[in-house]
Amino acid sequence: MTDKSRSAGAPVVRFAPSPTGYLHIGGARTALFNWLYAQGRGGKFLLRIEDTDRERNNEDAVKAIIDGLKWLELDWDGEPVSQFARSKRHAQVAEELLRTGHAYRCYLSPEELDAMRKQAQEEKRALTILSPWRDKDPSEAPEGVTPVIRLKAPREGETVIDDQVQGRVVFSNKELDDLIIMRSDGTPTYNLAVVVDDHDMGITHVIRGVDHLTNTARQTQIYNAMGWDVPVFGHVPLIHGPDGAKLSKRHGALGVEAYKEMGYLPAALRNYLARLGWSHGDDEIISTSQMIDWFDLSGIGRSPARFDFAKLEDLNGHYIRKTDDLELLKRIEDILPYVPDGEKILAKLDANMRAKLLAAMPSLKERAKTIVELLQGADYLFAERPIALDEKAAKLLDAEARDRLAAMLPKLEASEHWLAADLEQIVREFAEATGAKLGKVAQPLRAALTGKAVSPPVFDVMAVLGREEALARIRDHAA
């Protein structure tokens, strides 16, 4: 990770998830874009948990979000900020808006609001609440009714957002009604809390999903009412499935922890997420340091990005091949709690087995696209004798094949050096001497050693298993 010194005027960005569930893939990409923007400019990346909705707030979700960011290796500056803990500050700002005439107490009853909704439906128009309390004297307030506080939004003109991704976006003020900034129970609404927090945290750039554009117009009005500087906005496109439909679980709308459990590497997922909506020429494989140097809001397109598991798997396979073997061993251990028989494998993972896994890693990672596949390829290391045969392996080990193994066994037992190259030579010479094709010898050998018809290169398998274990497995299946 790049560690650039911060300079005056450097950007301050934030990731502000609501703790109502896992860190989904869209949120992870938003966090990544903010992180890259700050890293590349010597700025700050802050984390705020928007936990004002106490009924939906979930401490497990907070942990999942933080764990997900840590696994993605997106580090933030300072401690996470709790929005709920700042409720008094939000109320102070609401009172300030009342004092300056930019807000008012609204006593509209639920029945009156329902009538407005019904009328809008009948007239087939969007609901725009025009409260009569905007201009009424507070002395007319009904007794026993606790009011909400509404922003006195401008009724004329336009609210303009010069968005760094979407371009110039214009909202007619007559379509933006007086939003509630404080509920009748004294709690702040989302739009007020966000503006106050972003202002107090010194946020200079807000990078988030395009679904927040209308919120941005409303928030801009609050900034203007308070006389505060409006941050620079960049609204990124949403992520769709490969079929162009809204992203669902079948497309990949899963929590980041699911990608960890499926065996993806953080670096690969960062690379893939960065390319979902952002581009740098035709580059597909981009290191984190390159992303930090190259990332800019101007490289983000306006069209929804399409999530494609096949592309992610191919990219992950590339990163697996480029990753250090010791690091891959650590990743295997990390996912063992989430895979079938993981606890049994973990119990066998002593120093000797770790050494075997490391020895097998160069051949294992050539074909694996995920850490789970890497582990599956290493199944033969953890198998116990007598090796159970799958259906295809059992067919390979017919009577003729078992006879060949028995005939070849003394030659293998006589091998001076239990090395892959030497073992290959012995098997090739045996096949030639008996007039058999190499496959007719090597395939049954693979089946006897691994219980499968497909495995890493069979001579690598023999070398990694070691002389005693490999010969014992062959004897078990020789005639």
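This is a predicted model: local features need pLDDT of at least 70, side-chain atom pairs count only at pLDDT 80 or more; totals for chains, interfaces and linings use all residues.

Student: Which elements give two or more residues to the lining of the largest pocket, and how many residues line the largest pocket in total?

Tutor: The lining of the largest pocket comprises 42 residues, and those nearest its centre are S18, H24, G27, D211 and H212. The elements that give two or more residues to this lining are β1 (12-15), α1 (25-39), β9 (205-209) and β11 (239-240). The space in the largest pocket amounts to about 1,200 Å³.

Student: How do the residues of that lining divide into nonpolar, polar and charged?

Tutor: In the lining of the largest pocket there are 17 nonpolar, 14 polar and 11 charged residues.

Student: What is the volume of the second largest pocket, and which residues are the closest to its centre?

Tutor: The second largest pocket has about 470 Å³, and of the 20 residues that line it, P340, D341, I345, D379 and F382 are the closest to its centre. Two or more residues of this lining come from each of α12 (342-348), α14 (371-377) and α15 (379-382). The lining of the second largest pocket divides into 11 nonpolar, 3 polar and 6 charged residues.

Student: D341 has a positive phi; what makes that worth a remark, and where is D341 found?

Tutor: The background is that most residues other than glycine have a negative phi. D341 is not a glycine, and yet its phi is about 60°; D341 is found in the loop between α11 (325-335) and α12.

Student: What makes α8 a helix that is largely enclosed by the rest of the structure?

Tutor: Buried means under 20% relative accessible area. In helix α8 (residues 266-274), 8 of the 9 residues are buried, so α8 is largely enclosed by the rest of the structure. The buried residues of α8 are P266, A268, L269, R270, N271, Y272, L273 and A274.

Student: Why are β1 and β3 called edge strands?

Tutor: They belong to an open sheet of 3 strands with the order β1-β2-β3 and parallel pairing. Each of β1 and β3 (81-82) pairs on one side only, and that is what the term edge strand describes.

Student: How do you know that β1 and β2 pair?

Tutor: Two strands pair if there are at least two bridges between them. β1 and strand β2 (residues 44-49) have 4 bridges, in the parallel sense, and therefore count as a pair. F15 stands opposite L47 in β2. α1 lies across β1 and β2, and runs at about 165° to β1.

Student: Which strands form the sheet with antiparallel pairing?

Tutor: That open sheet of 3 strands has the order β4-β5-β8. Its edge strands are β4 (103-106) and β8 (180-182), each pairing on one side only. Neighbouring strands of this sheet are turned by 45° against each other on average, direction ignored. β4 and β5 run antiparallel and are joined by 4 bridges, and C106 has V148 in β5 as its bridge partner.

Student: What is the omega of the peptide bond that joins R385 and P386?

Tutor: Omega is about -5° for the bond between R385 and P386, which is a cis peptide bond, whereas most peptide bonds are trans. P386 is found in the loop between α15 and α16 (391-396).

Notes
Residues are numbered from 1 along each chain as its sequence is written. Side-chain values use heavy atoms; hydrogens and water are left out. On a 1 Å grid over the protein atoms alone, a cavity is a set of points where a 1.4 Å probe fits but cannot get out, and a pocket is an open set with protein on both sides within 12 Å along at least five of seven lines; lining residues have an atom within 4 Å of a point. Grid points are joined across faces, edges and corners, and a volume is the space filled by probe spheres set on the points. Ala, Val, Leu, Ile, Met, Phe, Trp, Tyr, Cys and Pro count as nonpolar, Asp, Glu, Lys and Arg as charged, and the others, Gly among them, as polar. Contact means heavy atoms within 4.5 Å. Axes are lines fitted to C-alpha atoms, for helices over the stretch in contact, and angles run from 0 to 180 degrees between N-to-C directions. Buried means under 20% relative accessible area, exposed over 50%, partly exposed in between (1.4 Å probe, protein chains only).
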